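Please read these points with the sequence and the structure open beside you.

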Amino acid sequence: MLKNDRFLRACRRQVVDRTPVWFMRQAGRYQPEYRQIREKYTLMEICEHPDVCAEVTLLPVRQLGVDAAILFSDIMTPLRGMGLKVDIVENVGPVFEEPIVREEQVSALPPFDAEEAVPYVLETIRILVRELDVPLIGFAGAPFTLASYMVEGRPTRDYRKVKTFMYSEPRVWGQLMEKLAAMVARYLVQQVEAGCQAVQVFDSWVGNLTRADYETYVRPYMYPIIEAVRATGAPVIHFGVNTGHLLASMADLRPDVMGVDWRTDLDEAWRIIGPDFAVQGNLDPVAVFAPPEVLEAKVTDVLRRAGRRPGHIFNLGHGVMPQMSVSALQRVVELVHAYEVREV
Ligand SMILES: O=C(O)CCc1c2[nH]c(c1CC(=O)O)Cc1[nH]c(c(CC(=O)O)c1CCC(=O)O)Cc1[nH]c(c(CC(=O)O)c1CCC(=O)O)Cc1[nH]c(c(CCC(=O)O)c1CC(=O)O)C2
């Protein structure tokens with residue numbers, strides 16, 4: 001029985017004693033302890049050593065006092081486990097040796113089973129659920145975001161290659177998205193079966209599409225993912241960046257929680273998707289660098305816009321940045337937990 005279940009209660013829009021808070025990328029380069037571990041292990045090697053990976057996951061929970069842990073991993077972890085040649089290059093990001101350009105490469109993608117591809121991820125989860133007093137969030141990248149890296153071969157600003165592929169080869173695009181959706185659904189369900197109490201689906205880069213393209217080329221492949229997770233009973237959070245124009249379309253997938261970036265005010269986002277969802281976010285990450293009185297005003301503005309309604313999980317509008325300080329994030333947690341919401 002979890003000592004602190006306010007995150008799970010908020011996912012289900014149940015009344016809480018304090019607004020739960022956690023941060024995307026709460027484990028990472030902003031922490032001196034993480035940087036010390038990274039001197040000995042690459043990011044992927046951390047993931048492949050369950051004892052080290054568990055320690056990295058636990059550190060921010062203990063240091064920051066957040067109400068949820070997120071498994072330390074990357075969205076590239078399952079693809080690498082499937083045998084794809086992808087590396088995380090310093091100050092670049094995921095880089096593929098062979099970008100996807102031909103149908104044969106899509107056909108050659110093998111079926112996914114986490115027990116075979118990434119057994120160490122499941123082992124890390126089993127260690128963590130024995131140690132944690134707060135829920136553990138599992139996660140995966142969504143098909144479009146994964147495909148963006150696989151077709152482009154590396155992070156991109158214009159998505160020219162992946163969108164040209166999507167428009168020019170709709171049949172092969174469909175095969176790629178179906179294979180990735182099957183992998184993501186299976187991977188998330190296996191993370192829940194290993195002990196994760198909630199999962200997040202990161203479609204970080206889907207905001208680069210028009211609403212029509214999202215509904216044509218992406219959303220059809222998302223339904224089986226959300227439905228597979230819903231069947232486990234674990235809450236699912238769906239998040240993308242720059243998705244203000246897509247929130248109504250994404251809501252049709254019926255995740256339990258919609259992640260919101262900072263560009264859309266939280267109350268406006270909640271109005272767009274309606275009262276049947278919980279919401280997560282949405283402090284501008286750069287506000288963490290602001291003077292204390294500005295930071296406090298911005299944290300309070302997010303909380304005020306949630307209007308003390310059950311179903312708000314406080315987070316940044318995107319991930320923690322390497323230049324951030326532990327003390328600034330501790331201050332955000334204090335401010336959120338000090339804010340009066342209705343008593344349980
Ligand atoms: O190499 C390292 O050790 C540090 C970089 C690092 C990566 N994954 C990481 C870390 C730890 C950290 O953020 O410090 C570790 C990482 N990647 C991810 C998460 C989950 C989360 O955001 O909470 C986490 C942290 C999980 C945790 O807090 O325990 C998932 C991830 N990787 C990725 C993406 C998509 C994206 O951001 O492009 C996403 C979705 C989350 C998001 O949108 O922020 C892909 C990725 N992974 C990575 C990079 C390079 C990051 C950089 O150099 O700025 C990139 C590309 C990028 O962020 O632009 C590598």
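1. Before the helices are compared, one term is needed: a helix axis here is a line fitted to C-alpha atoms over the stretch in contact, and the angle between two axes runs from 0 to 180 degrees between N-to-C directions. The model is a predicted one.

2. Helix 11 covers residues 170-194, and helix 12 covers residues 211-230. How far apart are the axes of helix 11 and helix 12? The axes are 9 Å apart, and the two helices pack at an angle of about 20 degrees. Angles under 35 degrees count as roughly parallel, and therefore helix 11 and helix 12 are roughly parallel to each other. The crossing of helix 11 past helix 12 is right-handed. On the side of helix 11, the residues making the contact include Trp173, Gly174, Met177, Ala181 and Leu188. On the side of helix 12, Tyr217, Val218, Tyr221, Pro224 and Ile225 are among them.

3. Helix 11 also packs against helix 10 (residues 160-168), with axes 5 Å apart and an angle of about 115 degrees. This angle makes helix 10 roughly perpendicular to helix 11. Helix 10 contributes Val162, Phe165, Met166, Tyr167 and Ser168, which meet Pro170, Val172, Trp173 and Leu176 of helix 11.

4. Gln191 is another residue of helix 11. Is Gln191 buried or exposed? Its relative accessible area is 0%, and because buried means under 20%, Gln191 is buried. Leaving aside residues up to four places away in sequence, Gln191 touches Leu71, Leu122, Ile125, Gly138, Phe139 and Cys196.

5. The next topic is aromatic rings. How many aromatic pairs does the count come to? The count comes to 8 aromatic pairs. One of them joins Phe112 and Tyr187, edge-to-face, with 5.5 Å from centre to centre and 75 degrees between the planes. This pair links distant parts of the chain, 75 residues apart: Phe112 is in the loop between helix 6 (103-107) and helix 7 (114-117), while Tyr187 is in helix 11. Phe112 counts as buried at 8% relative accessibility, and Tyr187 counts as buried at 1%.

6. Phe202 and Phe239 have ring centres 6.0 Å apart and planes at 80 degrees, so this pair is edge-to-face. Phe202 lies in strand 5 (residues 198-203) and Phe239 in strand 6, so the pair ties together parts that are 37 residues apart in sequence. Phe202 is buried at 11% relative accessibility, and Phe239 is buried at 1%.

7. Phe144, Tyr159, Phe165 and Trp173 form one aromatic cluster.

8. Two arginines are placed over tryptophan rings. The charged end of Arg263 sits over the ring of Trp262, 4.2 Å from the ring centre. Arg309 lies over the face of Trp270, with 3.7 Å to the ring centre.

9. Met258 belongs to strand 7 (residues 257-259). Met258 is buried, and its relative accessible area is 0%. With residues up to four places away in sequence not counted, Met258 touches His238, Leu247, Met250, Ala251, Ile273, Ala278, Val279 and Gln280. The C-alpha atom of Met258 is separated by 21 Å from that of Phe72, a residue 186 residues apart from Met258 along the chain.

10. Some backbone details deserve a check. Which peptide bond is cis? The bond from Gly281 to Asn282 is cis, with omega near -5 degrees. Asn282 is found in strand 8 (residues 278-283).

11. Asn242 has a positive phi of about 65 degrees although it is not a glycine. Asn242 is placed in the loop between strand 6 (236-240) and helix 13 (247-251), and counts as partly exposed at 37% relative accessibility. Arg254 is not a glycine either, and has a positive phi of about 55 degrees. The loop that holds Arg254 runs between helix 13 and strand 7. Arg254 counts as partly exposed, at 42% relative accessibility.

Terms used: Residues are numbered from 1 along each chain as its sequence is written. This is a predicted model: local features need pLDDT of at least 70, side-chain atom pairs count only at pLDDT 80 or more; totals for chains, interfaces and linings use all residues. Side-chain values use heavy atoms; hydrogens and water are left out. Helices (H or I, at least four residues) and strands (E, at least two) are DSSP runs, numbered from the N terminus. Buried means under 20% relative accessible area, exposed over 50%, partly exposed in between (1.4 Å probe, protein chains only). Contact means heavy atoms within 4.5 Å. Rings of Phe, Tyr and Trp (its six-membered ring) pair if their centres lie within 6.5 Å; planes under 30 degrees apart count as stacked, over 60 as edge-to-face and the rest as tilted. A charge sits over a ring if NZ of Lys or CZ of Arg is within 6 Å of the ring centre and within 35 degrees of the ring normal. Angles under 35 degrees count as roughly parallel, over 145 as roughly antiparallel, 65 to 115 as roughly perpendicular and the rest as oblique. A crossing is left-handed if the near helix is turned anticlockwise from the far one by less than a right angle, and right-handed if clockwise.
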